[in-house]
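Please find below my notes on the model under review. They are set out as numbered points, moving from the chain as a whole to individual residues.

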Amino acid sequence: MHKYMKMLGAIVALALSTVATAASATTFVYSFSADNGAAGAFGTLEATDNGNGSFTATSGTITTFGTIAMGSGTLIPNPNAPAPSTTPTMNGFFIIYDDLLFPGQNPLVNINGLAFNINGTNINIYSPNGPSSYAVFDNGSTAVTPGNFSLSQVAAVPEPATWAMMIVGFGMIGAGIRSRKRQTVRVAYA
């Protein structure tokens, strides 16, 4: 019995040392395709949940092709989140952005949208006219390209601490079953 108590104590200590914390970021994949088919963009975004149906993108990647500033770049993080920020462009324009996402809603981004930097050129993916209306502003050419935008949440992968807690739980169930006293059955013949 003493052996099982030590084992149970060790299991509890291990479980408490591997307490899982909730993942703070949610991963999204997105794509933009121009209405005329001449341009597009795609990438991933890491975002934190604002608790009101919206997420704030904190980091991300973009790869563009066609008439949009071609190449790969990164999200410009919003220092004023969730309030909008501005970033100057090379042509004297300012991009207003808030890096907010609205998954499952329409539109998926608002009029401020997402800001990215690709080799010194800033671009903005935003919704200029409300539901189902999306565009990309490329400050290198000052062109506005209308198109379609899609956003999907990537399924979360359990953290190692979650796996450890699950294994410890199964171990505790097994130890509990094994440590039960076995009842002996006596058969008496008359």
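This is a predicted model: local features need pLDDT of at least 70, side-chain atom pairs count only at pLDDT 80 or more; totals for chains, interfaces and linings use all residues.

1. The secondary structure consists of two helices and eleven strands. In sequence order, the elements follow the pattern α-β-β-β-β-β-β-β-β-β-β-β-α. The chain has 190 residues, of which 35% count as buried. Among contacts with a separation of 6 or more, 47% are between residues 24 or more positions apart.

2. The largest nonpolar core comprises 26 residues. Leu 45, Leu 101, Leu 114, Phe 116 and Phe 149 have the most contacts inside this core. At least two core residues are supplied by each of β1 (26–34), β2 (39–49), β3 (55–66), β8 (114–118), β9 (121–126), β10 (134–138) and β11 (143–153). There is also a second, separate core of seven residues, which includes Ile 76, Tyr 97, Tyr 126 and Ala 135.

3. Neighbours within four places in sequence being set aside, its contacts include Phe 28, Leu 45, Ala 47, Phe 55 and Ala 57.

4. Is Ser 54 buried or exposed? Ser 54 lies in the loop between β2 and β3, yet its relative accessible area is 5%. Buried means under 20% relative accessible area, so Ser 54 is classed as buried. Its side chain forms a polar contact of 2.6 Å with the side chain of Asn 52. Beyond four places in sequence, Ser 54 is in contact with Thr 48, Asp 49, Leu 101 and Phe 102.

5. Which residues make the nonpolar surface patch of about 550 Å²? The patch is formed by Trp 163, Met 166, Phe 170, Ile 173 and Ile 177. Phe 170 belongs to helix α2, which spans residues 160–179. Since the threshold for an exposed residue is over 50%, Phe 170 counts as exposed because its relative accessible area is 55%.

Conventions: Residues are numbered from 1 along each chain as its sequence is written. Side-chain values use heavy atoms; hydrogens and water are left out. Patches are made of residues with over 30% relative accessible area and no salt bridge: like charges are joined within 9 Å, nonpolar side chains (Val, Leu, Ile, Met, Phe, Trp, Tyr) within 5 Å. Accessible areas come from the Shrake-Rupley method with a 1.4 Å probe; for residues, only the protein chains shown count as cover. A salt bridge is a side-chain nitrogen of Lys or Arg within 4 Å of a carboxyl oxygen of Asp or Glu. Helices (H or I, at least four residues) and strands (E, at least two) are DSSP runs, numbered from the N terminus. Buried means under 20% relative accessible area, exposed over 50%, partly exposed in between (1.4 Å probe, protein chains only). A nonpolar core is a set of buried Ala, Val, Leu, Ile, Met, Phe, Trp, Tyr and Cys residues joined through side-chain atoms within 4.5 Å. Contact means heavy atoms within 4.5 Å. A polar contact is a pair of N or O atoms within 3.5 Å; within protein, one must be able to donate a hydrogen and the other to accept it, and residues adjacent in sequence count only if both atoms are side-chain atoms.
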